[in-house]
Amino acid sequence: MGSRCSIAARPEVVGFDPDRTAVMVIDMQHDFGSRGGMFDLAGLDIAPIERIVQPISLVLDAARTAGLLIVYTRQEHNSDLSDAGNNEAPHRIKHGRMNIGRTVTAPDGSESRVLVRDTWNTAIVPALAPQPGDVVISKHRYSAFFETPLDAILRARRVSTLIFVGATTSICVESTVRDATFRDYRPIVLRDCTAELIAADASRSNHEASLLAIELLFGWTAESEDVIEALLAESATA
């Protein structure tokens, strides 16, 4: 694969071809990153996710200028939860504790439901709203490759490198990164554009643990400013 852009990354410099690179925006939806969403209603501090909205928006601006494919994912389920697994499935049990399917009142006053598609809860936060030409993948497990058309879409466009932003680092981001690696994509995870609430206040956080595992065995990690600089330089010479 030809590499027209090179960036400082961990554990080494990594190159990529913008024509064969996509930005993966993982689950930046109200349920995870907005007041009144699932995490917030569960009493979790969503500030780490709120803080990555602005740097993600800058990455998306640069990526669109450079002509990269933008892929959004949303974790969401059918209204009858038929795609959430049976009552003995881990996915169903774990999300039952987070009130999957619960009817709630959205901040705008509309009736909504936790993790149910076509509701306020599963919509992408407005500051990062998808634009015409972007791809939106609806998923019903942590990995965006599980029972979705994502792999076919990427291969049809000859994408080989995936730049990851979004939430949460150790669950949906890492799950998708692992599946990407198993399919021979090259994942680059942006450290300042991903966030994890689990153990966020611990001396060694899940966020850092996931980044270390990715650096060692699944791909690379980088800072958004290095990616933005490389994309803008590429755009200027195109």
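Colleague: What makes Thr105 exposed?

Modeller: The relative accessible area of Thr105 is 60%. Exposed means over 50%, buried under 20%, and partly exposed in between, with a 1.4 Å probe and protein chains only; Thr105 is therefore exposed. The model is a predicted one, in which local features need pLDDT of at least 70 and side-chain atom pairs count only at pLDDT 80 or more, while totals for chains, interfaces and linings use all residues. Residues are numbered from 1 along each chain as its sequence is written, and side-chain values use heavy atoms, leaving out hydrogens and water.

Colleague: Why does the structure hold zero disulfides?

Modeller: A disulfide is a pair of cysteine sulfur atoms within 2.5 Å. The cysteine sulfur closest to that of Cys5 lies in Cys193, 17 Å away, and is therefore too far for a bond.

Colleague: Why are Cys5 and Cys193 called buried?

Modeller: Cys5 has a relative accessible area of 3%, so Cys5 is buried. Cys193 is at 0% and therefore also counts as buried.

Colleague: What makes a set of residues a nonpolar core?

Modeller: Its members are buried Ala, Val, Leu, Ile, Met, Phe, Trp, Tyr and Cys residues, joined through side-chain atoms within 4.5 Å. The largest such core here has 48 residues, and Val23, Met28 and Leu190 have the most contacts inside it. A second, separate core of 23 residues includes Leu150, Leu154, Val177 and Ala180.

Colleague: Which residues does Val23 touch?

Modeller: Leaving aside residues up to four places away in sequence, Val23 has contacts (heavy atoms within 4.5 Å) with residues including Leu60, Ala63, Ile70 and Val165.
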